[in-house]
Amino acid sequence: AVAAGKVAVSPALIYSWFGSLAHVQSIGVLWLASVIWPSSCPYDIALEADTFYRLFYGLSKDEGELDGLVGLYDEKGYSNEG
């Protein structure tokens, strides 16, 4: 996704969030919506990613690792630097 001259790269942990596996694309769609319309997304994508990885892979990540995976949003836009 590209906005205001910034590029957001799809996260990948085990599989790309936009790979061929349908269950992984489900979190990818939520992530993409949060990149394109962050003010319209009432969910915390890091929390959703944590839930996804616990349900599908039995993995649990601490908040810092998830923020690094899904990116952070502020008044400057998208950043995957913590």
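Buried means under 20% relative accessible area, exposed means over 50%, and partly exposed lies in between (1.4 Å probe, protein chains only). The views show a predicted model, in which local features need pLDDT of at least 70, side-chain atom pairs count only at pLDDT 80 or more, and totals for chains, interfaces and linings use all residues. Residues are numbered from 1 along each chain as its sequence is written, and side-chain values use heavy atoms, with hydrogens and water left out.

**View A. S34 in helix 1.** Helix 1 spans residues 22-36 and contains S34. Helices (H or I, at least four residues) and strands (E, at least two) are DSSP runs, numbered from the N terminus. S34 is buried, at a relative accessible area of 6%. Its side chain reaches the backbone oxygen of W31 at 2.7 Å.

**View B. Helix 2 from end to end.** Helix 2 has 13 residues, 45-57. From first C-alpha to last it reaches 17 Å, close to the 18 Å expected at 1.5 Å a residue. The expected span is 1.5 Å times one less than the number of residues. D44 caps the N-terminal end: one of its side-chain oxygens lies 2.9 Å from the backbone nitrogen of A46. G58 follows helix 2, with a positive phi near 70°.

**View C. The buried side of helix 2.** I45, A46, A49, D50, F52 and Y53 are the buried residues of helix 2. They cover an arc of only 165° around the axis, so they sit on the same side of helix 2. The arc is that of the directions from the helix axis to the C-beta atoms.

**View D. The D50–R54 salt bridge.** The structure holds one salt bridge (a side-chain nitrogen of Lys or Arg within 4 Å of a carboxyl oxygen of Asp or Glu). The side chains of D50 and R54 form it, at 3.2 Å, N to O. Both residues lie in helix 2, four residues apart, about one turn of the helix. D50 is buried, at 13% relative accessible area. R54 is partly exposed, at 42%.

**View E. A nonpolar surface patch.** I14, Y15 and L59 make a patch of about 270 Å². Patch residues have over 30% relative accessible area and no salt bridge; like charges are joined within 9 Å, nonpolar side chains (Val, Leu, Ile, Met, Phe, Trp, Tyr) within 5 Å. Y15 belongs to strand 4, residues 15-16. Y15 is partly exposed, at 41%.

Key:
Accessible areas come from the Shrake-Rupley method with a 1.4 Å probe; for residues, only the protein chains shown count as cover. A polar contact is a pair of N or O atoms within 3.5 Å; within protein, one must be able to donate a hydrogen and the other to accept it, and residues adjacent in sequence count only if both atoms are side-chain atoms.
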